[in-house]
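Biologist: I should like to go through this model with you. Please begin with the part that calls for caution.

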Amino acid sequence: MTYVFDFSWLSDYLPVLLKGIGITLQLIAVGAVLGISLGIGCAWARALGPKWLGAIVAVYVELIRNTPFLIQLFFIFFGLPALGVQMSEMTAASLAMIVNLGAYSCEIVRAGIEATPRGQFEAGASLAMSPFQTFRHVVLIPALQRIWPALSSQVVIVMLGSAVVSQIAAEDLTFAANYIQSRNFRAFETYIVSTLIYLALAILLRQLLRGLGWTLFPRRAAR
Amino acid sequence: MILTRRHTLALVAGLAVAVSAFAHTPARADALADITARGSLRVAVPQDFPPFGSVGPDMVPQGYDIDMANLIGEKLGVSVEIVPVTSANRIPYLQTNKVDLVISSLGKNAEREKVIDFSTAYAPFFNGVFAPDDVAVSDAAGLSGKSIGVTRGAVEDLELTKIAPADADIKRYEDNNGTISAFLSGQVDVVATGNVVAAAILARNPPKRPELKFLIKNSPCYIGLNKNEPALLARVDEIIAAAKADGSLNAIAQKWLGADLPADI
């Protein structure tokens, strides 16, 4: 018996796939912007902020980095309603991605901040910059520039990891693939198509982040 | 990492090689002969679908479908290898030849009949829409504006997708546990599932009680097997007929469903 490939379902299910791609992109856009913002705030707190705040952030970071993403997602979606916190699957999925990326990017950004030479802080102070101005212009921007490739990789990892949000019925690309497969029973064709879409999305996202790096840190491009 | 065009090309080429390597499944021998030669029967059973199949406190699978699998193994004179599956992946397990039979409260419909074969029915099953008393729903039209939890790929998913009004919000979960959790945690208003599943939830006396609102379909369970296996199909049908005649199937029904087999099985 030779397996006969059949991609004729593609035209019927194209809207489902496109919707899935849209949801995955929406999740990673919201997750990346808010997650990295949260990560920068947490990195400041751990590296330069008051000790008590650093301690709280450390607990958050270790809790998230040492537990599975799927369990975090289930806790938010199925667990929190017991405490009266009810949210839609899209809100729960976005929140889980923000919280997850926030913890990982905190550590990445913190590494960049801590690699800043002491003299750079002093240079900022000697130019009569406030501590905030020094952080913003003298410390953070070069730090982000240093760790941008690592941060970009983490964003791609979270985008691919977002596949598990299909478990709480968020209708992302993986949900679309599983939905189609449970109707056309064409596992090979369905998953090869979704694999190629994920591959294309990951490559595009990487290139986008690389371009964004050039725009945000133009000095690097000049080198 | 920076992906150059050459890397991308290499990746695509690699994938293409992988695809062509797996594209041709080897010619299948007679499945019944394979089972006898191997000395074991691999059966896909539900792991989260009491009373048909669930894992007991001692971590041993138990239920109607497990007893059915053991009955068939015994009659074939081979040992039984239990493979726990979910609603969504039970047919792929069969298609990719990871199991010989699917005994997993599997309902029959036209779409499934295109890809696999079915034995005669071995267990009764009804599915319906369930919700607490204060939710007013009595038919499919009443689902308008409500959110409905359902297990993706199950018969009730396929049926509801056809009969529910356009503004009903069907949420499809990966497995039965997800569907039940979503209902109990209030993430959906109503749940579409099997009568026995709702009864099992009620028996645990939850804060949200799934009471029957309306029946979707009478969908007895069949044993699923790969197409073009006439010898295995005939043998399985023969075992089911014998078990009906000698009362052993009725004993399984009494044990797990607390009722005799209905006349149409």
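Modeller: In this predicted model, pLDDT (the predictor's confidence in each residue, from 0 to 100) stays under 50 over residues 23–27 of chain B. Where pLDDT is low, the predicted coordinates should not be read in detail.

Biologist: Which conventions apply?

Modeller: Residues are numbered from 1 along each chain as its sequence is written, while chains are lettered from A and ligands numbered from 1 in the order in which they are written. As this is a predicted model, local features need pLDDT of at least 70 and side-chain atom pairs count only at pLDDT 80 or more, whereas totals for chains, interfaces and linings use all residues.

Biologist: What pLDDT does chain B average?

Modeller: In chain B, 89% of the residues score at least 70. The complex is given an ipTM of 0.76 and a pTM of 0.77 by the predictor. The average pLDDT of chain B is 88.

Biologist: Which residue is the bridge partner of Asp48(B) in S3(B)?

Modeller: S2(B) and S3 (residues 53–55) of chain B run antiparallel and are joined by 2 bridges. In S3(B), the partner of Asp48(B) is Ser54(B).

Biologist: How far apart do the C-alpha centres of domain 1 and domain 2 of chain B lie?

Modeller: The bounds come from an automatic or database domain assignment, which gives domain 1 (31–125 + 221–257) and domain 2 (126–218) of chain B. Their contact takes 11 residues from domain 1 of chain B and 16 residues from domain 2 of chain B. The distance between the C-alpha centres of the two domains of chain B is 26 Å.

Biologist: How far apart are the end C-alpha atoms of residues 20–45 of chain A?

Modeller: The UniProt annotation "transmembrane region" (unreviewed entry) includes residues 20–45 of chain A. Over residues 20–45 of chain A the chain is 100% helix and 0% strand, and the end C-alpha separation is 37 Å.

Key
Two residues are in contact if their C-beta atoms, placed from the backbone, lie within 7 Å. Two strands pair if DSSP finds at least two bridges between them. Helices (H or I, at least four residues) and strands (E, at least two) are DSSP runs, numbered from the N terminus. UniProt positions are given in the numbering used here, feature names are shortened, and annotations may be inferred rather than shown by experiment.
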